[in-house]
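Please examine the protein chain shown below. The explanation that follows leads from its overall fold to its core and then to its pocket.

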Amino acid sequence: SGLLVTQDVDEAISLADEVILHSAGPRSTIVGRYEIDIERPRDLLEIRSSPQFVETYRRIWADLKGEVMKSYDRNFSRPNP
């Protein structure tokens, strides 16, 4: 058992048994937990075409996109001084 910290969704799904998504910002909170139900051993060269990978990626990215937009709004929607 171990912990992997990454910003790469493909890597997280390929290597993990569970992916935990944190919110944007300095006071980060957990905004999503995703069990990775892909049989082991995993063929890392073929995994991206599996239906489980595609569905898990879609679910994580939908939540991650919201966090990216919050961060973008916070950093780029401010009026210039």
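**From the pocket to the fold**

The strand β1 supplies five residues to the lining of the largest pocket, the largest share. Helices (H or I, at least four residues) and strands (E, at least two) are DSSP runs, numbered from the N terminus. This is a predicted model, in which local features need pLDDT of at least 70 and side-chain atom pairs count only at pLDDT 80 or more, while totals for chains, interfaces and linings use all residues. Residues are numbered from 1 along each chain as its sequence is written, and side-chain values use heavy atoms, without hydrogens and water.

The largest pocket has a volume of about 870 Å³. Among its 25 lining residues, Leu4, Val5, Thr6, Val19 and Ile20 are the closest to its centre. A pocket here is an open set of points on a 1 Å grid over the protein atoms alone, where a 1.4 Å probe fits, with protein on both sides within 12 Å along at least five of seven lines; lining residues have an atom within 4 Å of a point. The volume is the space filled by probe spheres set on the points, which are joined across faces, edges and corners.

In sequence order, the protein chain follows the pattern α-β-β-α. Its radius of gyration, taken over C-alpha atoms, is 15 Å, well over the 12 Å that the globule rule gives for 81 residues, so the chain is more spread out than a compact globule. That rule is 2.2 Å times the number of residues to the power 0.38. The C-alpha trace spans about 55 × 25 × 15 Å along its principal axes.
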